[in-house]
Amino acid sequence: MDDDEKHTACETCQLNPTSDLKQWGANSGNSTYTIALAGNPNTGKSSIFNALTGLKQHTGNWPGKTVTRAEGSYSHKGDKFKIIDLPGTYSLLSTSEDEEVARDFILFGQPDVTVIVVDASRLQRNFCLVLQILEISNKAVLCLNLMDEARRHRIEIDVRTLSKDLGIPVISTSARTKEGLSDLLAAIHQVADGNFLPTKTTSFQLTKQTGTAVATIANHLHTLDSTLTNTNWLAMRLIEDDKSIIDALQKGQLSNSIGSENLAPYYITPQHIGLN
């Protein structure tokens, strides 16, 4: 048996934990689910992308942007997944083109699952992005990548408690050795098909005045469209006078039930509630 035959046999063997994975490369047609891959730069996000799709980054550009777009696909237990590797970014505050692309896809693209890849050896500095994403969508999986580096630095992470606190699956991986990839595949699948129901958690406390304003606007948005799942986050963006979010709501990009005609009576500026 030559090396190519051995490689094929190993990947299809039932003893291989990733044997249910079929890499489709750049062929992303007729996918069942869409997955967003988000994370800070230098977390091994591209290694996760390559391990799932079999690609070494198939890239193009986002429409109207200079930011590189990487897209591929894979299938797992009969379902096909299109995976979009978002630009590496430290936040979603839309202060750069990379941040705007990442935020807009998670919000407007409404992926079935957002996989947040973090460096397990530098967990604290990665958590700003994690919490910002969870404010938009809790249909997420946290991927603690570079676990080999964390162990080398004698870092231990209580994965079960972290998952309970965040309300989402948390999976330890090392993409370079394929450690944890089978668990990651299973977690993505369970969130995508609804077998794992994420729970909403509160990542920070607001002042009483701001909290009341956010709740008021969020309730109005829920009245307009009860299917919106991120009304608190949208309310905060409205209070902060985020032009891109206001524009998206007015154009009906986030909801078929919300547009410029019915948003205006519910739009409360910071001046109206005395926050400025």
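**Ground rules**

I number residues from 1 along each chain as its sequence is written, and my side-chain values use heavy atoms, with hydrogens and water left out. Since this is a predicted model, local features need pLDDT of at least 70 and side-chain atom pairs count only at pLDDT 80 or more, while totals for chains, interfaces and linings use all residues.

**Entry 1: the whole chain**

I started with the tally: the chain has 11 helices and 8 strands. For these I use DSSP runs, numbered from the N terminus: helices are H or I with at least four residues, strands are E with at least two. I then looked up burial, and 47% of the 276 residues count as buried. My cut-offs are under 20% relative accessible area for buried, over 50% for exposed, and partly exposed in between (1.4 Å probe, protein chains only).

The chain exposes about 14,100 Å², and carbon and sulfur atoms supply 47% of that. Those areas come from the Shrake-Rupley method with a 1.4 Å probe; for residues, only the protein chains shown count as cover. I also checked contacts, meaning heavy atoms within 4.5 Å. Of the contacts with a separation of 6 or more, 69% are between residues 24 or more positions apart.

**Entry 2: strand S6**

How many residues of strand S6 are buried? I got 7 of the 7 in residues 113–119, so S6 is largely enclosed by the rest of the structure.

Next I looked for the partners of S6. Strand S2 (residues 33–39) pairs with S6 in the parallel sense over 5 bridges; I call two strands paired if DSSP finds at least two bridges between them. In this pairing, Ala36 stands opposite Thr114. S6 also runs parallel to strand S7 (residues 140–145), joined by 6 bridges. Here the bridge partner of Thr114 is Ala140, and Val115 stands opposite Val141.

I then followed the chain from S6 through helix H4 (residues 123–136) to S7, and this β-α-β crossover is right-handed. That call means that, with the strands pointing away from me as viewer, the path from the first strand over the helix to the second runs clockwise.

**Entry 3: strand S7**

S7 is mostly covered too, with 6 of its 6 residues buried. I noted Ala140, Leu142 and Leu144 on one side, and Val141, Cys143 and Asn145 on the other, all of them buried. S7 also pairs in the parallel sense with strand S8 (residues 170–172), over 3 bridges. In S8, I found Ile171 as the bridge partner of Cys143.

**Entry 4: rings**

I found 2 aromatic pairs in the structure. My criterion is that rings of Phe, Tyr and Trp (its six-membered ring) pair if their centres lie within 6.5 Å; planes under 30 degrees apart are stacked, over 60 edge-to-face, and the rest tilted.

For Tyr33 and Phe81, the ring centres are 5.3 Å apart and the planes at 35 degrees, so I logged the pair as tilted. Tyr33 lies in S2 and Phe81 in strand S5 (residues 79–85), so this pair ties together parts that are 48 residues apart in sequence. Tyr33 and Phe81 are both buried. For Tyr74 and Phe81, the centres are 5.0 Å apart and the planes at 5 degrees, so that pair is stacked. Tyr74 is buried, as is Phe81.

Which residues does Ile133 contact, leaving aside its neighbours within four places in sequence? I listed Ala38, Leu92, Ile106, Thr114 and Ile116. Ile133 lies in H4 and is buried, with a relative accessible area of 0%. The C-alpha atoms of Ile133 and Ile116 are separated by 8.3 Å, and these residues are 17 apart along the chain.

Ala248 lies in helix H10 (residues 243–250) and is buried, also with a relative accessible area of 0%. Not counting residues up to four places away in sequence, I have Ala248 touching Phe108, Gln253 and Leu254. Ala248 and Phe108 are 140 residues apart in sequence, yet 8.4 Å apart in space, C-alpha to C-alpha.
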